[in-house]
Amino acid sequence: MVRWTIEVDEETACRWRAFWESRRLSEAEGLLYFLGLGAAYAEGQAILSGVAAGTHSAEEVERLIRRLVELEGRYAVMKFRLFQAEQALRRWELSHGAIEAMSTGLQEVVRRLQQENARLREMLRRLQGDPAAALDPDEGSEI
């Protein structure tokens, strides 16, 4: 991996960020997008200039067009895979939320049952030690 740093004026940075946001690209993705476009444009211009000057063949133009078609196909597949990943993430988030809600509810049930269990143990101790001092079984019940 190679890291490059560039400096641009604030107005250009704002324009670029707005463009990237409109296409849901992160800053890194936007920069790569621009670099890829620029490289492809430069390569295409060089080939077209070479064809006009007679130094590049029609086969090179044909190769460039085939490459463009292939990249468009790959891009369409990547967009579809991204859509599928976003849908899967949405479904996961929904099921994850349901599981968290269920977990919270079950934790509350466990807490109430532990309290009831402690209350019943105390009643049992009292009954075993002094039947006259035992509480009424319905007294203090939370359930």
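Partly exposed lies between buried (under 20% relative accessible area) and exposed (over 50%), taken with a 1.4 Å probe and protein chains only.

You are looking at a predicted model, where local features need pLDDT of at least 70, side-chain atom pairs count only at pLDDT 80 or more, and totals for chains, interfaces and linings use all residues. Residues are numbered from 1 along each chain as its sequence is written, and side-chain values use heavy atoms, without hydrogens or water.

**Stop: the E70 pair**

What joins the side chains of E70 and R74? A salt bridge joins them, at 2.5 Å from N to O. The term means a side-chain nitrogen of Lys or Arg within 4 Å of a carboxyl oxygen of Asp or Glu. Both E70 and R74 sit in helix 3, 4 residues apart, or about one turn. An α-helix has 3.6 residues a turn, so residues three or four places apart point the same way.

**Stop: the whole chain**

Zoom out. Colour by secondary structure. The protein has 3 helices and 0 strands. Along the sequence this reads α-α-α. Helices here are DSSP runs of H or I with at least four residues, strands are runs of E with at least two, and numbering starts from the N terminus.

Now turn the model. The C-alpha trace spans about 115 × 35 × 25 Å along its principal axes. The radius of gyration is 35 Å, while a compact globule of 143 residues would have one near 15 Å. That radius is taken over C-alpha atoms, and the globule rule is 2.2 Å times the number of residues to the power 0.38. Buried residues make up 8% of the 143.

**Stop: helix 3**

Select residues 58-129. This is helix 3, with 72 residues. It reaches 104 Å from its first C-alpha to its last, close to the expected 106 Å. The expected span is 1.5 Å times one less than the number of residues.

Which residues of helix 3 are buried? They are L64, E116, R119 and M123. Show residues 27-53 too: that is helix 2, and it is included in what covers the buried residues of helix 3.

Select E108 and R111. They form a salt bridge, with the closest N and O atoms 2.3 Å apart. They are 3 residues apart in helix 3, so about one helical turn separates them. E108 is partly exposed at 33% relative accessibility. R111 is partly exposed too, at 37%.

Move along to E116 and R119. Their side chains meet in a salt bridge at 2.7 Å, N to O. Are E116 and R119 buried or exposed? E116 counts as buried because its relative accessibility is 15%. R119 counts as buried at 16%.

**Stop: a network**

Select E43, R63 and R67. Salt bridges link these residues in a network. The whole structure holds 10 salt bridges.

**Last stop: a surface patch**

Show the surface and select V2, W4, L32 and L35. They form a nonpolar patch with about 530 Å² of accessible area together. Patches take residues with over 30% relative accessible area and no salt bridge, joining like charges within 9 Å and nonpolar side chains (Val, Leu, Ile, Met, Phe, Trp, Tyr) within 5 Å. V2 lies in the segment before helix 1 (10-22). V2 is exposed, at 63% relative accessible area.

Key:
Areas by Shrake-Rupley, 256 points an atom, 1.4 Å probe, with all protein chains shown as cover. Contact = heavy atoms within 4.5 Å.
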